[in-house]
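Have the viewer open as you read.

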Amino acid sequence: MVDYHSADRYFRQTKELYGNTCYVQEKKLNIVMEDGSPGPKSLLAFHEQISDCLKCALGKKRDKFVFGVGDPNANLLLIGEAPGAKEDEVGEPFVGRAGKMLDKMLSAIDRSREKDVYICNVLKCRPPDNRDPLPSEVEQCESYLHMQIQLIQPKLIVALGRVAGKTLLGLDTALKDMRNITHEYAGTPLRVTYHPAALLRNSNFKPAAWEDFKWINTFLEKKNKLWYLEKTIKY
């Protein structure tokens with residue numbers, strides 16, 4: 001049985017010592033590849049390993065390989081479908097106006113690219129004319145995403161936009177039919193919300209997107225509380 005009074009006392013003492021910041025030990029990873037060989041030990045090592053990828057035709061036309069950005073120990077993993085022109089130029093996902101909108105949304109739930117969030121795309125190279133990813137391209141690139149998920153070990157994945165949602169879930173359906181449902185991807189809970197660019201095009205979507213982000217925040221806070229309780233009871 002959980003001793004909530006002891007747990008509450010522990011949290012209060014921790015806050016008095018460290019403030020609102022929680023310091024946790026870095027994740028210890030022991031990833032083994034399908035052939036039995038050891039996998040990458042960090043996102044940085046994995047980035048260096050695949051940054052010259054030419055498995056599909058997109059690699060030959062890219063400017064920058066857009067691996068991802070953020071906290072390598074993030075609880076929240078945000079995934080778009082593919083880099084756009086600005087992302088291809090800079091080498092970072094979700095930049096420009098859409099990126100600024102996303103930053104505002106994250107700030108509203110007390111998170112950022114550097115704090116408890118990692119951002120990437122299904123594809124690491126830009127499709128021509130920003131078209132949707134082809135199934136053959138997803139097939140070539142999706143294993144990279146799976147490895148990123150293993151290395152980050154997020155508590156929640158959020159697909160940004162209909163295309164990202166249908167690509168990850170294999171569902172050719174409207175965004176409204178994917179929202180407000182907790183799906184699963186690569187063994188991790190997944191939710192689908194609006195792409196930040198869609199909010200710039202149509203401000204009527206903003207209230208619904210805010211409801212999604214409030215749900216995201218509540219979900220992660222509950223997960224963190226359970227983690228603290230488990231640690232308190234164990235030690």
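## Ground rules

This is a predicted model, so to speak with care: local features need pLDDT of at least 70, side-chain atom pairs count only at pLDDT 80 or more, and totals for chains, interfaces and linings use all residues. Residues are numbered from 1 along each chain as its sequence is written, and side-chain values use heavy atoms, with hydrogens and water left out.

## Two cysteines, no bond

You'll find zero disulfides here (a disulfide being a pair of cysteine sulfur atoms within 2.5 Å). Take Cys53: its closest cysteine sulfur belongs to Cys141, and at 6.4 Å that is too far for a bond.

Are these two buried or exposed? Cys53 has 16% relative accessibility, so it counts as buried, and Cys141 is buried too, at 11%. Buried means under 20% relative accessible area, exposed over 50%, and partly exposed in between, using a 1.4 Å probe and protein chains only.

## Helix H6

Cys141 also marks a bend of about 40° in H6. That bend is the angle between axes fitted to the seven residues ending there and the seven starting there. Helices are DSSP runs of H or I with at least four residues, numbered from the N terminus.

H6 runs over residues 135-152, and its 18 residues should span 26 Å; the end C-alpha atoms sit 25 Å apart, which agrees. The expected span is 1.5 Å times one less than the number of residues. Buried residues of H6 include Val138, Cys141, Leu145 and Ile149. Just past the helix, Gln153 takes a positive phi of about 55°.

## The cavity

On a 1 Å grid over the protein atoms alone, a cavity is a set of points where a 1.4 Å probe fits but cannot get out, and lining residues have an atom within 4 Å of a point. The count comes to one cavity of 30 Å³ or more. The largest cavity has a volume of about 90 Å³, the space filled by probe spheres set on grid points joined across faces, edges and corners. Of its 13 lining residues, Cys53, Cys56, Lys124, Cys125 and Cys141 are the closest to the centre. H6 gives the most to this lining, with three residues.

A pocket is an open set with protein on both sides within 12 Å along at least five of seven lines.

How values were computed. Helix = DSSP H or I, 4+ residues; strand = E, 2+ residues; numbered from the N terminus.
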